[in-house]
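I opened the notebook to record what I looked up, residue by residue and ring by ring. The entries follow the order in which I searched.

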Amino acid sequence: MQNYPYKVAVIGWDSATLTALNPLLTAGALPHLQQLIAQGSTGKLFSTLHPLTPPAWTTMMTGVNPGKHGIFDFVGLSKERGFQVMTGADVYAETLWSRLSRSGKRVVVANVPMTYPPEAVNGYLIAGMDAPRQDRAYTHPPALGEELEQHFGAYCVDVKARAPAGMSSNAFTQKYIDELCAQVRQQADVADYLLARETPDFCMFVFTAPDRVQHVLGELLSQGVTPEDGIGQVYRACDEALGRILDRLDDDWCVFVVSDHGACTYRRVFELSTWLVAQGWLTLRPPAQTQQLSELWGRVRRQFARWLHLPIRQRPGLQQFLNQIVWEKTYAFSLGAFGSIYINSRERFEHGIVHAGAEYDALCTQITERLLAARDPETDAAIVKAVYRGTDVYQGDYLNLAPDLLVETHNDYFVRNNLDHHEMRLTYPAGQYGERTLAHTARHHKEGVLMAAGPAFASRQPELQAHLADLAPTILHLMGLSVPNSMDGAPLRDWYTAAFLTAQPVEVADDDTKMHSVSQGYSPEEREVVAQRLRDLGYLD
């Protein structure tokens, strides 16, 4: 094949969903994406379970399932068995750009979640949304961050999701949409700048704005997205960014537009921790017993906030959530963004009370059966669609870090795990809750999107399917490298032209993986800063 091996570009639109894309494409509002679709293949891209940013993007960038890379949620267990907000330092599998760098390929990577702290690559890397500051680029090489600030001002890693004092929710929502569009434009400026000075073999740029705006305006996903509404404005900004990137690439590049998961409207909230309390499996201390601890932690957090020039808030941190659990009376508890249950087993936790074997299995079965039978006390609707064992979903050396049970609700429900105070309502309407300024009316679902164009791909095929884990091996194959036999995904043979697959068969080889290793992740104060940001976005409670 001419000009093989190919160069590859990946443009990530976080949470992009056909529900939003189809009406915008029909309206002609996304001309650059429409051009790619006409030239290549389009299909559904299935995400991880749960379909969450950290495990999803990490699976995409490693080609392996969470049981092999160790990232299951925004909050998870470290190797030392302590719960913490996860960073790129907790990724235990080798990344795609590390493999490419070792093979002598030049790479440019920007804004991919779970890439802080930035690892050393053969090229440039800008850390994504897990960077501790929202107004500063953390980069490899380090001097790149200062260079970007000189050219583009403060680098917008993510848009603040909390309103200034005195601003109404409606006014802040419009401000938020405007700032999301400005973020996309700045990140497009940076992409254009880097591609103008560097001719890489691989580039990847992720735009998180679609995810942010959909969470806030989720009702539009069911009512119908238009080019003029808030979701349409953000997607149009992403399409303009796509056009600027494509202008820097020639016809020999293979180009992917990819989302880590999809999105859908939800109408009700399900408080999983409240449900576990009601069932007798989770025991929380009364508020009076934790008041002194919370006040002490509050003083510590206020001091950190003053040092870092951050808004002062009273909310306790993750460890204080855990301190409210009466461990000797708790059989199961829930942490994370979507509905992950951990069994308080003796073998796993210091204060565990559940024995392995028959007792553990019986408890998992009982929790599963009761969840599947759970009804909304206000509507009588079924809440839970399915419950999975972690051991059935994941495989790999880090299975011991996985949740024991994964709860999948019906699309109308979003799971919260509210441990900072005992929420007495089991269910309630979607909208504004907790300390959020913005509404929250859309949740993730497993069906994302993939568009693939370039000389290796057939054009205008019927809709196809792929999994996030397939992207890394496909990219290695396109770039002339063998596919490690440790990867769970496989190259997208059904998406290729017959001529390309005949001329360039897939070569699978024993894995020569280099253990992913970066410097230490967050300091304690940085970890809490990021945790607060995730709460504001609705990912942590």
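**Entry 1: a strand residue and its surroundings**

I began with Asn111, which lies in strand β5; here strands (E, at least two residues) and helices (H or I, at least four) are DSSP runs, numbered from the N terminus. The model is predicted, so I kept to its limits: local features need pLDDT of at least 70, side-chain atom pairs count only at pLDDT 80 or more, and totals for chains, interfaces and linings use all residues. Residues are numbered from 1 along each chain as its sequence is written, and side-chain values use heavy atoms, with hydrogens and water left out.

Asn111 counts as buried because its relative accessibility is 6%, where buried means under 20% relative accessible area, exposed over 50% and partly exposed in between (1.4 Å probe, protein chains only). I then asked which side chain makes a polar contact with the side chain of Asn111. The partner is the side chain of Tyr155, at 2.5 Å, and the Asn111 side chain also reaches the backbone oxygen of Val206 at 3.4 Å. A polar contact is a pair of N or O atoms within 3.5 Å; within protein, one must be able to donate a hydrogen and the other to accept it, and residues adjacent in sequence count only if both atoms are side-chain atoms. Leaving aside residues up to four places away in sequence, Asn111 touches Ile126, Ala127, Gly128, Tyr155, Gln187 and Val206, contact being heavy atoms within 4.5 Å.

**Entry 2: aromatic pairs**

I searched the whole structure for aromatic pairs and noted 23; rings of Phe, Tyr and Trp (its six-membered ring) pair if their centres lie within 6.5 Å, with planes under 30 degrees apart stacked, over 60 edge-to-face and the rest tilted. Phe83 and Phe333 form an edge-to-face pair, 5.8 Å centre to centre with 80° between the planes. Since Phe83 lies in strand β4 (residues 83-85) and Phe333 in strand β12 (residues 332-335), the pair ties together parts that are 250 residues apart in sequence. Both Phe83 and Phe333 are buried.

I also noted that ring pairs link Tyr4, Tyr6, Phe256, Phe457, Tyr496 and Phe500 into a cluster.

**Entry 3: a helix**

For helix α3 (residues 53-62), I found that ten of the ten residues are buried, so the helix is largely enclosed by the rest of the structure. Among them are Pro54, Pro55, Trp57 and Met60. Just after α3, Gly63 takes a positive phi of about 80°.
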